Amino acid sequence: MRKFLVVALLLGVFLSSMAFAAEFMGFDPLKFKGEMLSSDTLKAMVQEAMKVTPPKNGKNYVFAFANLQRDITFCMAVEEGIKKNCEAAGIELVIADNRLSGPTALANAESFITRNVDFVIEFQTDVKFGPVIMQKFNAAGIPVIAIDIPMPGATFFGVNNPLAGFLGGSYLGQAALAKWGLDKVKEGYLVVGALPQSGVVPAMRTEGQIAGFLASVPGFPEDHVITFDTKNTLDYSRSQMVNVLARIPEGVPIMCTAINCQSATGIVRALQFTKRDKDAIVVGLGCDETGQEELAKEGNIYVADPASFPERYGNYLIPAALMKLAGMELPEGIFVQHVIVTPMNLCEYYPKWPCSTPEGYPQLEYKFPKDGYNAFLESLREKYPDYAQLIPENME
C-alpha cells in the first residue's frame with residue numbers, strides 16, 4: 001500500500017508550455033516541495049525584494065490576502081499558513097473574506113487598493129469578476145497571485161487540477177472494483193459534485209475525476225455518470241445529493257467524489273441520512289481537516305483523499321510574492337504536489353490522527369492509468385486551448 005502512495009506523490013509534472021528556470025535565494029517555484037523556509041531566509045528575501053521594489057509606506061511590506069470563505073477548513077488552513085510566513089518574514093498582513101461572492105471580492109479588492117498594499121493574494125470563486133478585479137489591481141500597480149481559480153494576468157497557484165482529479169477518480173474506480181467487482185460496478189452510478197461557477201480550471205478537476213474513473217472501469221455506462229453543483233459547501237452538497245439519490249435505484253453501488261472535502265463530506269452525510277451508505281464509497285479532494293476527520297472516523301465509506309496540503313500554501317505563496325517583488329519572473333502556474341491519503345497512511349502525513357484499516361475496506365493495489373491520463377490531457381488541450389499553460393505535459 002505504501003509503495004503506490006509514494007509513487008503517486010512522485011507524479012509531479014512541469015507545465016508543457018513553460019521554459020521557465022529560475023530561483024530566488026534557493027527557492028525554485030517549480031521544484032519546491034512545500035517545507036517552510038526559515039525566518040532568516042524569508043527576511044533576507046524581503047531585504048532583497050526591497051532593493052528592487054521599496055515598500056509603499058516607506059517602512060515595511062504590507063501584503064493582502066482575500067480568503068475564499070473563512071468558515072471553510074481548507075481556506076482557514078491556507079490563511080494560517082500565509083499568516084505564519086508573513087510573521088516570520090516581518091510582513092504586515094491584511095485579511096479579508098470574499099464570502100464565495102464576486103461582488104464581495106470586488107469590494108475587498110477596492111479596499112486593498114485604498115490601503116495601498118504592496119502585494120495581493122486572491123482566493124475568489126466567481127470567474128466572471130476576475131477580469132474587473134485584475135483591471136483595478138493593474139491600474140494600481142499591485143502584483144497578484146490567484147489561488148486555485150485563475151485571474152487574467154495573475155500568477156496561478158494551487159491544485160494541479162488534471163492530475164489531482166485523475167488520481168482521485170482512478171482510485172475511486174479501482175476501489176469500487178475491489179469492493180463489488182466489474183459486473184456489479186457497471187450497474188452502479190458515479191456521482192461527481194462540481195463547481196461550475198468557478199470556470200474552466202476547477203472543471204479540469206472534476207473532468208479529471210470522471211476520466212480517471214472511466215479509465216479504471218472499462219465499459220462503465222457513461223449515462224450512469226451524474227454531476228451536480230455543490231456551491232463549494234457541505235450543506236448545499238448534502239441537500240443536492242439527497243435529491244440525486246432519489247434518482248438512483250436501491251441496492252446498486254454508488255461511487256462518489258467532489259470538488260473538495262467540504263462537498264465530499266456533504267455527500268457522505270446525505271448517504272448516511274438516506275441510509276444508503278452501505279452501498280457507497282466516497283473519495284474527497286484536498287485532505288483538509290474536514291477530509292482528515294472523515295478518513296479517521298468514516299474510513300469505511302470515505303476511502304481516500306488526494307491531498308493538496310493547504311497548510312503548506314503559505315510556504316509557496318510568500319516566497320513567490322517576494323520573488324516577484326525582487327524583479328524576478330514567476331511561471332504562469334505554480335502547482336502543489338499531491339499524494340493519495342487513505343485511512344491506512346493518514347498518520348504518516350497528519351500525526352494527530354491514527355492510521356487504521358476500517359472493516360470492509362476495499363483491498364486493492366492501486367495502479368495509475370498512465371495511458372488514460374495522457375489521453376485525458378490531450379482532450380483538455382483540444383477543449384481548452386486558451387488554458388494550455390495550466391495543463392501538464394504527458395507522462396512518460
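I began with handedness: a crossing is left-handed if the near helix is turned anticlockwise from the far one by less than a right angle, and right-handed if clockwise. By that rule I noted the crossing of α10 and α11 as left-handed.

This is a predicted model, in which local features need pLDDT of at least 70 and side-chain atom pairs count only at pLDDT 80 or more, while totals for chains, interfaces and linings use all residues. Residues are numbered from 1 along each chain as its sequence is written, and side-chain values use heavy atoms, with hydrogens and water left out.

Helix pair. I looked up α10 (residues 261–273) and α11 (residues 289–297), which pack at about 35 degrees with their axes 8 Å apart; helices (H or I, at least four residues) and strands (E, at least two) are DSSP runs numbered from the N terminus. Axes are lines fitted to C-alpha atoms, for helices over the stretch in contact, and angles run from 0 to 180 degrees between N-to-C directions. In the contact (heavy atoms within 4.5 Å) I found Cys 261, Gln 262, Thr 265, Val 268 and Arg 269 of α10 meeting Thr 290, Gly 291 and Glu 294 of α11.

I took a 1 Å grid over the protein atoms alone, where a cavity is a set of points where a 1.4 Å probe fits but cannot get out, and a pocket is an open set with protein on both sides within 12 Å along at least five of seven lines; lining residues have an atom within 4 Å of a point. Grid points are joined across faces, edges and corners, and a volume is the space filled by probe spheres set on the points.

The largest pocket has a volume of about 460 Å³, and of its 24 lining residues Met 151, Pro 152, Gly 153, Ala 154 and Thr 155 are the closest to its centre. I saw that α5 gives the largest share of this lining, 3 residues.

I counted 1 cavity of 30 Å³ or more, and the largest cavity holds about 220 Å³ of space. Of its 22 lining residues, Phe 123, Asp 148, Arg 205, Asn 232 and Asn 260 lie nearest the centre, and α3 (73–89), α8 (200–216) and α10 each supply at least two of the lining residues.

Disulfide. Cys 347 is joined to Cys 355, S to S 1.9 Å, under the rule that the cysteine sulfur atoms be within 2.5 Å. I noted this link as left-handed, with -100 degrees about the S-S bond.
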